[in-house]
Amino acid sequence: MAVQTTRTTPAKPTSRGPGRFAFLQVSIALQTLTLFFQAVSAGLLLSTSYGEALHGVGARVMYGASMLYVLAAVLAWRPGGGSPRPIAYASGFLLLASVQVILGIAHMPALHVPLGVLMFGLSVLALGQVLLPAARGAHPLRRVP
């Protein structure tokens, strides 16, 4: 009589772990950092010859960071079936970034500067919303009944 043994393979890690939330946190942190850099380079724009170049490069990086935030929100939502609310926030922020770029190109500082301040504040709030629940041990994207 032969004894059959079954081999079990170890479970493979899935994308539903904390790594996808780390990507979302990093993308929002990057966006917030680029917005802060934009504020600094706007000050340099007024006082140095190289400020315009820094502000222009920073605008492109900030726009890319906003697109990365949308991607991270989709990737964080899709596998786990959590709330799609972060996708709406990220998409709205990308829309604001688009308006900001248009206002900057049109040289409309009366609208460009306040919108930049608003965007920085919203980005800090989004970062806090994702980081603080994680620090308390809560799931940052889980739906609350």
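Reader: Which helices each supply at least two residues of the nonpolar patch?

Author: Helices α1 and α4 (109-135) each supply at least two residues of that patch. A helix here is a DSSP run of H or I with at least four residues, a strand is a run of E with at least two, and both are numbered from the N terminus. The model is predicted, so local features need pLDDT of at least 70 and side-chain atom pairs count only at pLDDT 80 or more, while totals for chains, interfaces and linings use all residues. Residues are numbered from 1 along each chain as its sequence is written, and side-chain values use heavy atoms, leaving out hydrogens and water.

Reader: Which residues make the nonpolar surface patch?

Author: A patch gathers residues with over 30% relative accessible area and no salt bridge; like charges are joined within 9 Å, and nonpolar side chains (Val, Leu, Ile, Met, Phe, Trp, Tyr) within 5 Å. A salt bridge is a side-chain nitrogen of Lys or Arg within 4 Å of a carboxyl oxygen of Asp or Glu. Areas come from the Shrake-Rupley method with a 1.4 Å probe, and for residues only the protein chains shown count as cover. In this model F36, V40, F120 and V124 make a patch of about 320 Å².

Reader: How many aromatic pairs does a search of the whole structure find?

Author: Rings of Phe, Tyr and Trp (its six-membered ring) pair if their centres lie within 6.5 Å; planes under 30 degrees apart are stacked, over 60 edge-to-face, and the rest tilted. The search finds 1 pair. F36 and F120 form this tilted pair, with 6.2 Å centre to centre and 40° between the planes. Because F36 lies in helix α1 and F120 in helix α4, the pair ties together parts that are 84 residues apart in sequence.

Reader: Is L24 buried or exposed?

Author: Buried means under 20% relative accessible area, exposed over 50%, and partly exposed in between (1.4 Å probe, protein chains only). L24, placed in helix α1 (residues 19-47), has 1% relative accessibility and therefore counts as buried. T34, also found in helix α1, is buried at 8%. By contrast, F36 is partly exposed at 47%, and F120 is partly exposed at 30%.

Reader: Which residues does T34 touch?

Author: A contact means heavy atoms within 4.5 Å. Not counting residues up to four places away in sequence, T34 touches V61, M62 and A65. M62 and A65 are listed among the buried residues of α2, which also include G58, S66 and Y69. L24 and L75 are 51 residues apart in sequence, yet their C-alpha atoms are 8.4 Å apart in space.

Reader: Why does the length of helix α2 agree with what it should span?

Author: The expected span is 1.5 Å times one less than the number of residues. Helix α2 (residues 51-77) has 27 residues and should span 39 Å; its end C-alpha atoms are 38 Å apart, which agrees.

Reader: Which residue has a positive phi although it is not a glycine?

Author: Most residues other than glycine have a negative phi. H107 has a positive phi of about 55°. H107 is in the loop between α3 (85-105) and α4, and it is exposed, with a relative accessible area of 66%.

Reader: How many helices and strands are there in the protein chain?

Author: The protein chain has 4 helices and 0 strands, in the pattern α-α-α-α along the sequence. Of its 145 residues, 28% count as buried.
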